[in-house]
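Me: I have a chain open on my screen and want to learn how to read it. Can you take me through it feature by feature?

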Amino acid sequence: MHETLALPAAGRRRLGPNTVERTDLGSTEAPPGTQVDVVVACHTPTRPIGRAVASLLEGNPEAAITVACHNRPAEEIAAAIRPEHRHLVRYLEHTDPRPSASGPFNAGMRAARTPWVSIMGSDDRLAAGAVASWLALAEATGAEFVIPRLALGLPTTIVPTPAPRPTRLLAPYLSTCGTSRGPNGLDALKTRVVRRLARTDLAADRLAYRSAPLGLLSVAMLRRTGAHLVEGATVGEDVAMATGLFATVPTAYDAAGPVYLIGEDASDRVTYDVRPMDEQLGFLPGVLRAPWFNSLTAARRRAVVVKMVRIHVFGAVYYRDREDIWTPTERAALAGMCRRLHGAAPGFDRVLSRADRDLLDACLDPAVPAATLIHRAQARRCHGRPATLLTRDPAWLLDREAPLRFMAASMLTKLLPAAPAPAPADNPPAPDQD
């Protein structure tokens, strides 16, 4: 006997088991000429959802907007949007028992009305011209995933990840100029140059340091690959999706484009909550088991694991700065995860700084006093000292992932001046559908 879903109430159209589209609020159709459906997930009207929507409607005319209301009636979320904007937005109501935004984001991506889709936090916003810049770079490169320049809190506070090869920083400047599609001439040559310069590589351009799949995503690519955010994970639900796409689909980085601005004014963020170590790092084994990870070359696996250790493992240790947190159970979980990472990418630790290696040694040995573990986690953040710049083995000093080259690339990315934003296109390109 098959269970049937109850019919939705009037003014609602069911899109899935947990998602309905409100047909009595806003606009269910994408505005003419829009090419990107931007999905904004929101779980409470106290978040600055009105600001997020305004940044799209007032500066990014290529975007249609879907607000995915998580466990809240759409009327409550719509009330926080400016009156003049409310009727221009599509509203979804997504219900699930999980506090993560993965559920409503996935629902919105599945329901995309345009060739491209993007996800956006309700306390974030886009600089004017960002969507046009992504579309221009996608056209110039043939990329199915374009990642944006990020800024934290203020447009000038650039987040220096990823830290790509310097040549990849040139492409956004070139792609802002129009090109012809003819087979000959300087325009065609420039198109080939931009495509070669802008297409990025998981390891060579350190893409794994970008954990969230923000930016421009081809809907056809998402349906072909089945890529989605992990639902049910409280930490790292976006890492597997983003890193898997970096490893498997054509990707470009809009390194000098208008920024995606990450908000810092939400009072209910949970990113830095201290959880049990098995929960904090519980998403990593799924990445290590993924078919795409195991199909990578040894060098690419090492690049991904180095990022996991630097960002996720060492970050988890740094925020546990009280000795009483480090019970025998927590120390054993930490050591076990580090051993697992060693098994997934043998030799990854050779590119780490001496300070990082000291901390990794303490993570691997539960007998090391908790006070020492905490001290080493703090010491590795005292940048500029020889211990944070030099590798134990001098042969690895100039490796791409070693501190000297990595820090230099990060600084260059952070200081890069913005390229001129391209003019909005009348008919922005759609991605290849085959």
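Reply: Start with helix axes. Axes are lines fitted to C-alpha atoms, for helices over the stretch in contact, and angles run from 0 to 180 degrees between N-to-C directions. Helices (H or I, at least four residues) and strands (E, at least two) are DSSP runs, numbered from the N terminus. Two notes on the source: this is a predicted model, where local features need pLDDT of at least 70, side-chain atom pairs count only at pLDDT 80 or more, and totals for chains, interfaces and linings use all residues. Residues are numbered from 1 along each chain as its sequence is written, and side-chain values use heavy atoms, with hydrogens and water left out.

Me: How many helices and strands are there in the chain?

Reply: The chain has 18 helices and 12 strands.

Me: At what angle do the axes of α13 and α14 cross?

Reply: Angles under 35 degrees count as roughly parallel, over 145 as roughly antiparallel, 65 to 115 as roughly perpendicular and the rest as oblique. Helix α13 (residues 298-318) and helix α14 (residues 328-344) have axes that cross at roughly 170° and come within 10 Å. Therefore α13 is roughly antiparallel to α14.

Me: Which residues make the contact of α13 with α14?

Reply: Contact means heavy atoms within 4.5 Å. From α13 come R301, V305, M308, V309, V313 and V317. From α14 come L334, C338, L341 and A344. Now sort them by class. Ala, Val, Leu, Ile, Met, Phe, Trp, Tyr, Cys and Pro count as nonpolar, Asp, Glu, Lys and Arg as charged, and the others, Gly among them, as polar. This contact has 9 nonpolar, no polar and 1 charged.

Me: How do the axes of α15 and α16 cross?

Reply: Helix α15 (residues 354-364) and helix α16 (residues 370-379) cross at roughly 150°, with axes that come within 9 Å. So α15 is roughly antiparallel to α16. Handedness comes next. A crossing is left-handed if the near helix is turned anticlockwise from the far one by less than a right angle, and right-handed if clockwise. The crossing of α15 and α16 is left-handed. D358, L359, D361, A362 and C363 of α15 meet L373, R376 and A377 of α16. By class, that contact has 5 nonpolar, no polar and 3 charged residues.

Me: How many residues of helix α9 are buried?

Reply: Buried means under 20% relative accessible area, exposed over 50%, partly exposed in between (1.4 Å probe, protein chains only). Helix α9 (residues 239-248) has 8 of its 10 residues buried, so it is largely enclosed by the rest of the structure. The buried ones are V239, M241, A242, T243, G244, L245, F246 and A247. Over the 434 residues of the chain, 53% count as buried.

Me: Where does D96 lie, and is D96 buried or exposed?

Reply: D96 lies in the loop between β5 (90-94) and α4 (102-110). D96 counts as buried because its relative accessibility is 8%. Look for polar contacts too. A polar contact is a pair of N or O atoms within 3.5 Å; within protein, one must be able to donate a hydrogen and the other to accept it, and residues adjacent in sequence count only if both atoms are side-chain atoms. The side chains of D96 and H94 are joined by a polar contact of 2.9 Å. Not counting residues up to four places away in sequence, D96 touches H70, N71, G103 and P104.

Me: What should I look for in the backbone?

Reply: Most residues other than glycine have a negative phi, and most peptide bonds are trans. N71 is not a glycine, yet it has a positive phi of about 60°. N71 lies in the loop between β4 (63-70) and α2 (74-78). With a relative accessible area of 36%, N71 is partly exposed. R206 is not a glycine either, and its phi is positive, about 55°. R206 is found in the loop between α7 (185-198) and β10 (216-218). R206 counts as buried, at 4% relative accessibility.

Me: Which residues does a cis peptide bond join?

Reply: T161 and P162 are joined by one, with omega of about -5°. P162 lies in the loop between β9 (150-152) and α6 (171-175).
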